[in-house]
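The stops below are meant to be selected one after another.

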Amino acid sequence: MLADLFDPAFADSVARIAVPILLASLGGAICHRAGVFNIALEGFILMGAFAAVLGTFMLGHVFWGVLSAILAGVFMGLLFAEFHLRRPGDAIVVSIALNLIGLGLTTYLLRAVLGVSGVFQDEALGKIIEINIPLIESLPVLGSFLSGQSILFYISIFLVFILHYIYSRHKLGFWMRAAGENPLALKTVGIKPAPVKLLALVLCGICCGLAGAQLSISNVSLFVENMSAGRGWIAVVIVLVTNGRPIPLLGLVLLFGFVDSLSLRLQGFGFPQQFTEMMPYIASLIALIFVSIRRIKDLVGMRGYDNG
Amino acid sequence: MTALSLFLILLLLLNLADANFFEASQAFLKSAFGGRKYAYLYVTISRCALITGMAIAALIAFRAGLINIGGEGQLVIGGFIAAFISIYSGVTGVAGITLAILSAMIGGGLWAVLAGLMKLKLGVPILVGTLLLNYPARYITSYFVSHPLRDVSSGMPQTHLLDKSLWLPFVEGTRLDIGFMFILIVYAFVLVYSYRTVPGYHAKMTGLSIEFAATSGINIFNTTLKTLAFSGAIAGLVGAIAVLGIHHRFTDGMLVQPLYAWTGIVAALLINLVPWAILPAGFFFASLTSGASGMERTADVPKEIAIIIQGIIILFVAARATSIASGSKKKEEGS
């Protein structure tokens with residue numbers, strides 16, 4: 001039975017499930033550490049996923065799809081910045097609005113522009129290039145995890161370490177952390193927190209756009225209404241649990257990929273679909289409880305969220 | 001300026017769907033308020049009842065500084081329990097309706113209290129706790145109506161139809177069930193609660209400043225749980241009304257897809273948590289949704305235009321108002 005569970009296809013599915021969540025939670029982490037409470041990741045991802053399909057379909061190549069996804073994410077980030085930074089909108093309210101806009105706009109455009117409701121599928125939609133690494137690909141089980149993934153898999157892993165480096169070694173990282181932890185200190189060295197937060201939102205938009213692209217033109221080649229299906233919320237929880245630190249974040253995301261793939265597998269063994277679909281959320285809750293007991297004080301209260 | 005940009009966005013969206021503005025607005029008005037024998041108006045009113053109910057549930061929690069965005073889960077649990085009790089308890093008539101509504105309210109209330117306990121005992125932020133509980137609610141009920149409690153003959157994941165004696169009756173001479181009257185009662189009750197009672201005052205005080213409330217001797221633990229129970233119970237009631245008055249059974253996703261809970265939150269935010277204004281806000285969004293369905297039917301404009309407009313309105317409102325939980329300090333966001 002164990003051999004049935006953990007085969008190369010399983011390792012492959014862990015990676016495929018993990019990439020969108022990893023990218024989205026990296027985006028969330030960047031905002032979190034810069035003191036922007038962005039819980040609109042769901043809407044960001046959805047826009048990215050739709051733009052990826054629309055761009056690929058209209059312009060004929062996956063490259064344009066990825067680029068459109070990035071632009072859509074950045075657009076959402078700028079909207080967030082306009083209403084939360086330039087105007088004094090509450091981050092939670094703005095997030096709720098952007099989640100609604102993401103859901104409404106993608107479904108609307110799916111019908112109005114692509115003329116279908118529910119699912120859009122077309123032969124013209126390709127997939128993001130996948131990379132086979134010689135030698136590593138022949139490793140048992142691990143090979144299908146590390147090799148043959150979309151290029152976004154490697155980019156996202158790279159991003160984790162870059163981000164870790166920036167936060168611990170680079171001036172920009174210090175600024176971005178100060179914007180969240182102590183905006184006043186940032187002001188005293190002559191840096192305004194608002195542009196730093198804007199940068200964080202734009203970077204978050206790029207990450208979430210890529211997360212959407214991975215969902216719609218790499219894991220599959222289609223767009224379904226409300227395709228993000230709660231991944232944005234799971235990313236929010238992962239950010240809160242890891243407090244936005246990149247390396248633990250990577251670990252937790254892989255754990256989630258594992259749990260999710262496992263539950264998909266269990267479906268094959270006759271477990272009801274509803275219970276397996278529920279698993280990621282239960283796992284999030286357990287992870288959150290685990291960390292919260294340790295930091296019982298107040299998770300979010302530790303960072304000073306304000307408009308700076 | 002705001003109105004102008006909203007109008008321009010609207011025109012752009014309609015243009016994308018190749019729709020004529022006048023045709024679309026005619027369809028909108030007819031479907032929101034008109035129809036043969038005012039049939040559409042009745043739909044708008046019963047939708048208004050559901051949205052207002054969810055808005056009240058959100059408002060009560062927000063005013064106490066509890067960011068309960070898990071109304072959806074509480075609504076689904078309430079609706080499911082109402083259907084379950086109605087079908088399997090064997091009690092019929094008015095007694096059956098009362099039993100179903102009360103159990104739905106208890107179920108919804110307990111679902112919200114669960115998030116409250118996770119906050120108070122384990123430190124899980126209310127915002128995340130309530131939200132994450134939406135998913136188990138959705139999937140557990142989905143499992144029950146897909147397998148053990150499924151009406152196999154219908155071909156859909158849904159329960160059997162309720163006994164006719166449990167259907168909420170229509171108001172004399174109309175096609176409008178009496179569900180909206182329950183919401184009017186709740187509305188009146190909440191007005192008195194918020195403006196005139198001690199528990200309502202304590203809740204508001206906790207929302208304005210939790211430290212001040214605690215220093216004044218208010219039991220934060222009790223206030224939190226009571227307020228959440230109240231909020232969840234109303235969401236449960238809305239679920240029961242939808243089941244007993246409109247659908248007469250529980251279908252998987254029937255309370256999630258129309259975004260009742262999110263629309264309710266949006267309505268509560270639109271009016272900046274002022275209790276008396278919740279009914280007009282609920283009616284506004286109900287008309288918006290009804291009108292959009294009409295545009296979809298006759299002018300071929302996807303009805304999701306209503307969701308987009310809701311989002312945009314809240315963006316502009318957010319830019320003016322400041323905080324989700326009335327006056328609570330920024331630092332406590334998400335707690």
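The tour begins with the whole complex, moves through each chain, and ends at the contact between the chains.

**Stop 1. The whole complex**

Display both chains and colour them by confidence. The model is predicted, and the predictor assigns the complex an ipTM of 0.89 and a pTM of 0.90. In chain B the average pLDDT is 89, with 96% of the residues scoring at least 70. Now select residues 326-335 of chain B, where the pLDDT is below 50. Beyond near neighbours in sequence, this stretch has 34 contacts in the model.

**Stop 2. Chain B as a whole**

Chain B contains 13 helices and 0 strands. Its radius of gyration is 20 Å, close to the 20 Å given by the globule rule for 335 residues, so chain B is as compact as a globular protein of that length. Viewed along its principal axes, the C-alpha trace of chain B spans about 60 × 60 × 35 Å. Of the 335 residues in chain B, 59% are buried. Where contacts in chain B link residues at least 6 apart in sequence, 77% of them join residues at least 24 apart.

**Stop 3**

Select helix H1 of chain B, residues 2-16. Continue to Asp18(B), which follows H1(B) and has a positive phi near 55°.

Next select helix H4 of chain B, residues 71-88. This helix of 18 residues reaches 26 Å from its first C-alpha to its last, close to the 26 Å expected at 1.5 Å a residue. How many residues of H4(B) are buried? The count is 16 of the 18, so H4(B) is largely enclosed by the rest of the structure. Just after H4(B), Gly90(B) adopts a positive phi of about 80°.

**Stop 4. Two loop residues with positive phi**

Most residues other than glycine have a negative phi. Select Leu259(B), which is not a glycine and yet has a positive phi of about 55°. Leu259(B) sits in the loop between helix H10 (220-247) and helix H11 (260-270) of chain B. Is Leu259(B) buried or exposed? Leu259(B) has 22 C-beta neighbours inside 10 Å and counts as buried, because the threshold for burial is 20 or more.

Then select Asp300(B), again not a glycine, with a positive phi of about 65°. Asp300(B) belongs to the loop between helix H12 (278-299) and helix H13 (305-320) of chain B. With 15 C-beta neighbours inside 10 Å, Asp300(B) counts as partly exposed.

**Stop 5**

In soluble globular proteins, nonpolar side chains tend to be buried together. In this model the largest nonpolar core has 225 residues, and Met54(B), Leu237(B) and Ala268(B) have the most contacts inside it. Helix H3 of chain B (residues 39-63) supplies the largest share of this core, 17 residues. Centre the view on Ala268(B). Leaving aside neighbours within four places in sequence, Ala268(B) is in contact with Ala55(B), Ala58(B), Leu59(B), Phe62(B), Leu273(B) and Ile278(B).

**Stop 6. Chain A and Glu225(A)**

Bring back chain A, which has 13 helices and 4 strands. The radius of gyration of chain A is 19 Å, close to the 19 Å that the globule rule gives for 308 residues, so chain A is as compact as a globular protein of that length. Its C-alpha atoms fill a box of roughly 60 × 45 × 40 Å along the principal axes. Among the 308 residues of chain A, 55% count as buried.

Select Glu225(A), located in the loop between strand E4 (222-224) and H11 of chain A. Glu225(A) has 18 C-beta neighbours inside 10 Å and counts as partly exposed. Not counting residues up to four places away in sequence, Glu225(A) touches Thr107(A), Leu110(A) and Gly118(A). Although Gly118(A) is 107 residues away along the chain, its C-alpha atom is separated from that of Glu225(A) by 5.5 Å.

**Stop 7. The contact between the chains**

Finally, select the residues where the chains meet: 49 residues from chain A and 43 residues from chain B. On the side of chain A that touches chain B, helix H5 (91-112), helix H11 (231-242) and helix H13 (273-294) of chain A each supply at least two residues. The largest share of that side, 16 residues, comes from H5(A). Coloured by residue class, the side of chain A that touches chain B divides into 33 nonpolar, 9 polar and 7 charged residues.

Notes: Residues are numbered from 1 along each chain as its sequence is written. Chains are lettered from A and ligands numbered from 1 in the order in which they are written. Two residues are in contact if their C-beta atoms, placed from the backbone, lie within 7 Å. Ala, Val, Leu, Ile, Met, Phe, Trp, Tyr, Cys and Pro count as nonpolar, Asp, Glu, Lys and Arg as charged, and the others, Gly among them, as polar. The radius of gyration is taken over C-alpha atoms; the globule rule is 2.2 Å times the number of residues to the power 0.38. A residue is buried if 20 or more other C-beta atoms lie within 10 Å of its own, exposed if 12 or fewer, and partly exposed in between; C-beta atoms are placed from the backbone. The expected span of a helix is 1.5 Å times one less than its number of residues. A nonpolar core is a set of buried Ala, Val, Leu, Ile, Met, Phe, Trp, Tyr and Cys residues joined through C-beta atoms within 7 Å. pLDDT is the predictor's confidence in each residue, from 0 to 100.
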